[in-house]
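The following note concerns charged side chains that pair with one another. Please read its points alongside the sequence and the model.

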Amino acid sequence: MALRTGTGRCAALLLTVALAAGTLTGCDSLLLDAALDGGCENTESRVKELASYGILDSRPEGTVVPQGFEDLESGCWADSGDAWVYADRTYVFPGDKAQVIPYYRAAAERDGWELSPAYAKPSTAELPADLCFTPGKGDSTTTLEVYFLTAEVLDMEERKPGPEFDSGSAYRVAVTSPADGSATSCSD
């Protein structure tokens, strides 16, 4: 199971707990799967649309694609009645996040994304932990997030970090949207 951004981080953790509880109590996982996947029906075209955003392939010079993360990951996940479509890529930059953040601020701006005010720090000395953008075209159904990965996040995703993760800053670039096309925004 892949852990996703924003609301999805909490949702993925809750789903993991629910699945573990179901295994321990003998609940039928097929029933749980059917209940959670209902919101993902007919989302293939929206997933393809998100996967087409060029910003997902944009990265600072020197950035590597870590082993096991070569492919763009995309799909739909559902939890607690909310379904989200996503497309993301995972990278490792050989430096620190202080070099990654300005790159994505500039690249996103060139592509018409606007940094959410909640993610703009008043002092340039303070770097945000994550970045979140919304399209500047009045589209309130999509967000672009750049967030840094930790060993704990990868462990919760049940992903094994390769040696590349020891050489710098691991991060993910993700475009997400509610599956039903409803409005969304960046949240702190």
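1. Arg89 has a relative accessibility of 18% and therefore counts as buried (buried means under 20% relative accessible area, exposed over 50%, partly exposed in between, with a 1.4 Å probe and protein chains only). Asp57, at 47%, counts as partly exposed. These two residues form a salt bridge, with the closest N and O atoms 2.6 Å apart (a side-chain nitrogen of Lys or Arg within 4 Å of a carboxyl oxygen of Asp or Glu). The pair joins distant parts of the chain, 32 residues apart: Arg89 belongs to strand β2 (residues 82-93), and Asp57 to the loop between α3 (44-51) and β1 (73-79). Helices (H or I, at least four residues) and strands (E, at least two) are DSSP runs, numbered from the N terminus.

2. This is a predicted model, in which local features need pLDDT of at least 70, side-chain atom pairs count only at pLDDT 80 or more, and totals for chains, interfaces and linings use all residues. Residues are numbered from 1 along each chain as its sequence is written, and side-chain values use heavy atoms, with hydrogens and water left out.

3. The structure holds four salt bridges in total. One of them pairs Glu73 with Arg159, the closest N and O atoms being 3.0 Å apart. Glu73 lies in strand β1 and Arg159 in the loop between α5 (151-156) and β6 (169-178), so this pair ties together parts 86 residues apart in sequence. Both Glu73 and Arg159 are buried.

4. A further salt bridge connects Arg172 and Glu157, whose closest N and O atoms are 2.6 Å apart. Arg172 sits in strand β6 and Glu157 in the loop between α5 and β6, 15 residues apart. Arg172 is buried, with a relative accessible area of 0%, and Glu157 is buried at 3%.
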